[in-house]
Structure formats: structure tokens, C-alpha cells
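Welcome! Please take a first look at the structure below, and then read on for a short tour.

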Amino acid sequence: MAKITILGAGAWAGGLGQTLADNGHDVCMWSPLESEVASVNTERTIAKLAQINIDLPEKIWATTDLREAAEYAPYILVAVPSQFVRSVMEQVKALDIEAKIYISATKGIEPHTNLTMTEIVKDVLGERICGLAALTGPSHAEEVIQRKVTSVVIASKDDTLAHVVQALFNNTEYFRVYRISDIKGAELGGALKNVIAVVSGIMYGLEYGDNAKAAMMTRGLAEISRLGRLLGAQPDTFFGLTGMGDLIVTCTSMFSRNFQAGVKIAKGATLAEIERSGATVEGAKAVVSAHELASKYEVEMPIVETLYRILYEGQTAKEQLSSLLSRNMKAEND
């Protein structure tokens, strides 16, 4: 059995940590917050999932000491929110530890640099990496922690590493893991679906029907695929778990923070108000990068542009969604 360190002790980190422990691995979770560490070590639960009855396996322990955590295991699973990935990696770099295998379980694109999460890890750590992979797919932490059936993808350019990491996480009772080599496509799908989820939430809040929701998800996937191909991703990736699968679950479930944010925006809340409440809206960050990339590569992404105008240019949700219908007619595959 292996040792794995998880950077993060939130809901997603907890779900993955429990899965790894169920598979017989020893898991160290790191958080800078004493309260999160105490929840794991003393209460045997995850602070952000307090509403769920959890009894973490004994193979899981937590610490606030980053050096202790980073030196504990050959595998480091990155599961902090996307806005903290670079700063946490800078802290790891400063420790000057031996090269490790890094697995990103965080979905997102860094605003303005437009780097995916594994690209940030590589950008910061450089040669201090001996393997790099991403874990992504349709996976609400609230269901994973309850051991409800879930399927995800391990993406890595190193096929040998992909096999190894796949075996670490795969659980024959509830956690099915596939592998692909297209790490760029996997991470783009996981990040950009959050943009579409916010818009889907807005539509729900404005009482659009199921027909509109289906259209939004389908055309949203077309936009993600269109941009992804230009960035070097494989088109088929977006029709798998990390594209279509993730899009479906994020756009249709109230577990989705991005969907919930969209509902609140439709009811008149601002992004600033939502974020002040403590909610993480990854789609609000990803839309900035998508907007910049669409402009740079001259890609038509009307749904992306609609959300960008709502969040950052003060346009109303109802008017902007209506404007999508008034665009010039075109062939579906254009």
C-alpha cells in the first residue's frame, strides 16, 4: 500500500482521502486551518461536510505542518481551491524537498496566465517533479464522501504513471477510474464546464425550461470543444467524462456551487455578494480566461461572452440571455 499526501482538507480532499484510505493507503491531509485539522484528527469528519454523517477511516490523519505533510509521501494530491494552487506550490518549492509525483484534483484556469492547474504546478516546481497527472470528471464531493457510485478520469502524458495513479484511486465498489493521455483537454473540460454551469443556474433562476437547459449544455459543450481543439486538446475528450459527463452533473445539480451562484445572480445577487458569503465560484474565474483566450484565438464563444458581460460589465442576466436568441442564424456545426 502507498502513502499519499493531500494538500487541502475541504470537501473534495475529504472525499478523495476516504477513497484512498478505503483502498488501504495511508493518507496525510494538510490544511493551514487548525479547525479543519481538528475536524479530521479529533472529530473524524470534514469540517465543510458537517451536515453529512462521516466517520473517517483511521488511515487518515491531518496536520498544519506543510513540511511534515510534503515529506510524508511520494505522491502529493493537490486539492486546494484554484486561486490558492500557485501560492501553495510556492510554499512547497520553498521547502526544497525531493521530487514528488503531483496529482491535481483541482479544476480551474488561472486568470490572465490562462494556465491549467497542472501547468501551474509545473511552472512553479519545474524539475522538482517526477510525475504529473490530473484527476477530473463528474464528482460531487457530497456523494463521494457517502461512497455513492462515481466515475472519474486520470489524465497524464505518462501512460505508466496513469496506470499507477488509476490503481491508487480505483475502488471496485463505488469509485471507477478511467485514464486518458489528453491532460490538456481533461483540465479544460473540467474548468470551462463551470462557466456553462453558472449560466445554467441563471436560466433556472429565470424559470427557463428543460428545453433551454438542454440547448445551453449542448451549445456550451460545442464552445468548450471549439476552444479546446485550438489549444491542442483532442476533440473526443470533450465527449467523455471530463467533458460531457462533468457538464451534465454541474449544470443539473443543486450540489454545484456554480449552478447555485447562477440561481442567485438571476435573483439579483452580485458576484461580490456571493463570494463574501464564502462560496467559491470557479466559473467566475474561468470565464475571465475563456474570454481572453476566445479573443486571442478569435474563437466564437457567445455563452462565455454572455456570462462575462453579466459578471464584469454590469449587464443584466435577462437581457443578455435574450440576446443569445437574437444572434444571426447559422448551421449547427459552424
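Predicted model: local features only at pLDDT ≥ 70, side-chain atom pairs only at ≥ 80, totals over all residues.

**The cavity**
- The count comes to 1 cavity of 30 Å³ or more, and the largest cavity holds about 50 Å³ of space.
- Its lining is made up of S104, T106, K107, G108, M117, A134, L135, T136 and E187.
- By type, these lining residues divide into 3 nonpolar, 4 polar and 2 charged.
- Strand β6 (residues 129-136) gives the largest share of this lining, with 3 residues.

**The annotated binding site**
- In the UniProt record, an unreviewed entry, the annotation "binding site" covers K107, R257 and N258.
- These residues span 152 residues in sequence, yet no two of their C-alpha atoms are more than 12.9 Å apart, so they gather at one spot.
- Of these residues, K107 is included in the lining of the largest cavity.

**A closer look at K107**
- You will find K107 in the loop between β5 (100-104) and α5 (117-125).
- K107 has a relative accessible area of 17%, which is under 20%, so K107 counts as buried.
- Beyond its neighbours within four places in sequence, K107 is in contact with S82, M117, T136, G137, S139, G190, K193, D246 and E282.
- A polar atom of the K107 side chain lies 2.7 Å from the backbone oxygen of G137.

**A closer look at N258**
- N258 sits in helix α11 (residues 257-266).
- With a relative accessible area of 6%, N258 is buried too.
- Leaving out residues up to four places away in sequence, N258 touches N194, A197, V198, V281, E282 and G283.
- E282 is among the contacts of K107 and also among those of N258.

Technical notes
Residues numbered from 1 in each chain as written. Heavy atoms only, no water. 1 Å grid on protein atoms, 1.4 Å probe; cavity = no way out; pocket = protein on both sides within 12 Å on 5 of 7 lines; lining within 4 Å. Points joined across faces, edges and corners; volume = space filled by probe spheres on them. Helix = DSSP H or I, 4+ residues; strand = E, 2+ residues; numbered from the N terminus. Nonpolar A, V, L, I, M, F, W, Y, C, P; charged D, E, K, R; others polar. UniProt positions renumbered as here; feature names shortened; annotations may be inferred. Buried < 20%, exposed > 50% of the residue type's maximum accessible area, 1.4 Å probe, protein only. Contact = heavy atoms within 4.5 Å. Polar contact = N/O pair within 3.5 Å; in protein donor to acceptor, adjacent residues only side chain to side chain.
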